[in-house]
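Visitor: I would like a quick tour of how to read the features of a structure. Please give me the general idea each time, then the case at hand.

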Amino acid sequence: MFKKINFLYVGILVMVIFGIGISVGLNYDTMRKQVIEKETKLFNAQIEDFIVTNEIIRELASKECKLIEPYLVDIARQSEELGNSLQNFENKGIVRGEDYEMLKNSYFLNEIHYWMTIENYKQCNPEITTILFFYGKNDDSIKQGFALTELRKENIGKVFVFNFDIDKIDTNAVRVLTSIYGIKQSPSLVINSKNLSTDFVSLDSLRNITKLE
Amino acid sequence: MSLDILIWILAAIGTYISLVWIIAYLREKKYIEQEHRQLKNPLMVSIAIPAYNEEDNIENAVNSLLNCDYPKDKLEIIVVNDGSIDNTERILQKYVRKKLIKLIDQPNRGKGAALNNALKHAKGELFGVMDADTIVEKDTIAKLVANFTPRNLGAIMSAIKPFKVKSVLEKFQKVEYLLAILARKVMDRMDTNYVTPGALSLYNKDILGKLGGFDEHNITEDLEIALRLRSHGHRIKASASAFTYTVVPKTLGKLFRQRIRWNRGFLQNIWRYRYMILNPKYKTLGLYQLTIALVATFILIPAGFAMVGYVSYKTLYSYYLYFNAVGFTPPEIISMPTSAEAFLLSFNFKLYFPLAITVFLAFMLIVLAQKLTNESYKNVLLSILAIAIYYPFLGLIWLATLLFEILRIKRKW
């Protein structure tokens, strides 16, 4: 006959199996953080590289300033990948610790840095449109994110979107930015540093705005 | 409690239940796989077949019993014609004329009443109940009788397989029936069986008589009598080698109706015998088996479906938002990872780990069941599909049952 003690052994075995699962999951979390840290450093380095390259060209070959435009697209792709990784990994992590918040803040700072760089570059190519997208945890923000992604795909190298989570503002730079543009709700859009929308903007409206700009 | 934690808790409970079966099987393998005993003392057996409009099946059932390798003078076949309005009686008369069976006619009063009627006329020391849509192998009765030990055993059940399996739905049911054979055999070794399926089970007639026979107002009288036997301290054994073959529902509608009846019968009877749950007097049956049956019914299945429903709703709602924002253009459902590392890390471990463990153990149980019942391992894909499609469907029927009970929709036979 199957002895009662075996029920206890099975309980212990289940705990061991799921303990191993949690342990492997935590290792996954660590590896994910390492990947994001690596991507963040790479992104940072690309921005720095772009700034220096931009300055060199402005000083030595200002008429050829559009030569560096392909780099912008590369950085945009890098930024998008980093944003995706952050979102993707954050939702899949066993533990959502402070580390992720720090990485996110670091990402937002990089976005501001990147935005300022492009605003500066617009002297060379005024056709570029920059959009600051302040999102939150609501349906309109999700819809706005979809619309902006579509707009960006339609205008690669012309439209650049920079994302900021309004519910998790923990850096002075983002705080100042929201204060300057009077951002109080999500979704909010700042288009080319001036146009402000504090409601969902449809894809068609976005297409029109970017054409008018 | 977050959804992730709930998934892990449910998976841990499911893993525990599966592992108890697997480990019990592996530890008791010697006894489970070698149940064959020589039939030294062929006891007198009366087999009762209640029949209501069974013109399509009754001949097969009776013929299979008549062809059994069991001493003819020790086997009494009683067919109770429960007010059939088809040709059942006419078919049976030819067996009566040859004095091969005993036929009892009664106005339609249900299966329980038919069995009690047969019990009154039965001469055997063992009383068998067999469905009219079931057939037995030549050695089935002999194997059951040989394993009917000790003599004060309450009952023994046969190993039921579906008859003439053709469609995918029938094949899915076969996977389920094979798994039930394994589970019941393992539960035999744990002394936790609490069913005596109507397809074919043998009862100790004296004990059955003392307990008052079958409940005539119960939609699953076989479950009720089994719980009554257990509540009076009688053991129920299961055979994994005495095979019977039963006709299984061929359509989803018929399967749905059958399972609703079984499930409602389970709820009705588990409520009647609720005092056995968590009662140390009933040892492993009360403390473990009936408790996990309730946990599975009221927690695992509803919570599992609630989670699947929630995740499906979130996914569909996300698509709704996408189409609302972008219009009807195909969304990028899968964003391809940029490197092998990113691919590995994009794996949703906290969701797939508990899911993988659960599916793996379910698959392992199916393989063990196939091995125990001498079935081939060919249908691996079918087993996986059964886990992915058929069992969730059975879960849905459970939810429907609970709903019917909550809404107090009238029970039907």
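Visitor: Where is the place of B:Pro150?

Guide: B:Pro150 is in the loop between helix 6 (140-146) and strand 6 of chain B. Helices (H or I, at least four residues) and strands (E, at least two) are DSSP runs, numbered from the N terminus. This is a predicted model, in which local features need pLDDT of at least 70, side-chain atom pairs count only at pLDDT 80 or more, and totals for chains, interfaces and linings use all residues. Residues are numbered from 1 along each chain as its sequence is written, while chains are lettered from A and ligands numbered from 1 in the order in which they are written.

Visitor: Which peptide bond is cis, with omega near -5°?

Guide: Start with the general idea. Most residues other than glycine have a negative phi, and most peptide bonds are trans. Here, the bond from B:Thr149 to B:Pro150 is cis. A cis peptide bond also joins A:Ser186 and A:Pro187, with omega about 0°. A:Pro187 sits in the loop between helix 5 (172-180) and strand 3 (188-191) of chain A.

Visitor: Which residue other than glycine has a phi near 50°?

Guide: A:Asn192 has that positive value. A:Asn192 is in the loop between strand 3 and strand 4 (195-197) of chain A.

Visitor: On to sheets. In what order do the eight strands of the open sheet of chain B run?

Guide: First the general idea. Strands of a sheet pair through backbone hydrogen bonds, either parallel or antiparallel. Two strands count as paired if DSSP finds at least two bridges between them. In chain B the order is 3-2-1-4-7-6-8-5, with mixed pairing. Strand 3 (102-106) and strand 5 (134-136) of chain B are the edge strands, each pairing on one side only. Neighbouring strands of this sheet are turned by 30° against each other on average, direction ignored.

Visitor: Over how many bridges do strand 6 and strand 8 of chain B pair?

Guide: Strand 6 (residues 155-162) and strand 8 (residues 236-246) of chain B pair over seven bridges, in the parallel sense. B:Lys161 stands opposite B:Tyr245 in strand 8 of chain B. Helix 9 (residues 221-231) of chain B packs on the sheet. Helix 9 touches strand 4 (126-130), strand 6, strand 7 (200-204) and strand 8 of chain B, and its direction makes about 165° with that of strand 8.

Visitor: Now helix pairs. At what angle do helix 10 and helix 14 of chain B pack?

Guide: Axes are lines fitted to C-alpha atoms, for helices over the stretch in contact, and angles run from 0 to 180 degrees between N-to-C directions. Helix 10 (residues 252-272) and helix 14 (residues 380-406) of chain B pack at about 60°, with axes 9 Å apart. That angle makes helix 10 of chain B oblique to helix 14 of chain B. Angles under 35 degrees count as roughly parallel, over 145 as roughly antiparallel, 65 to 115 as roughly perpendicular and the rest as oblique.

Visitor: Is the crossing of helix 10 and helix 14 of chain B left-handed or right-handed?

Guide: The crossing is right-handed. A crossing is left-handed if the near helix is turned anticlockwise from the far one by less than a right angle, and right-handed if clockwise. The residues of this contact, of helix 10 with helix 14 of chain B, divide into eight nonpolar, two polar and three charged. Ala, Val, Leu, Ile, Met, Phe, Trp, Tyr, Cys and Pro count as nonpolar, Asp, Glu, Lys and Arg as charged, and the others, Gly among them, as polar.

Visitor: How do the axes of helix 2 and helix 3 of chain A cross?

Guide: The axes of helix 2 (residues 69-92) and helix 3 (residues 98-121) of chain A come within 11 Å and cross at roughly 160°. The two helices of chain A are therefore roughly antiparallel to each other. Helix 2 of chain A passes helix 3 of chain A in a left-handed crossing.

Visitor: How many residues of chain A are in contact with chain B?

Guide: Contact means C-beta atoms, placed from the backbone, within 7 Å. By that rule, 31 residues of chain A are in contact with 31 residues of chain B. Helix 1 of chain A gives the largest share of the chain A side, 15 residues.

Technical notes. Contact = placed C-beta atoms within 7 Å.
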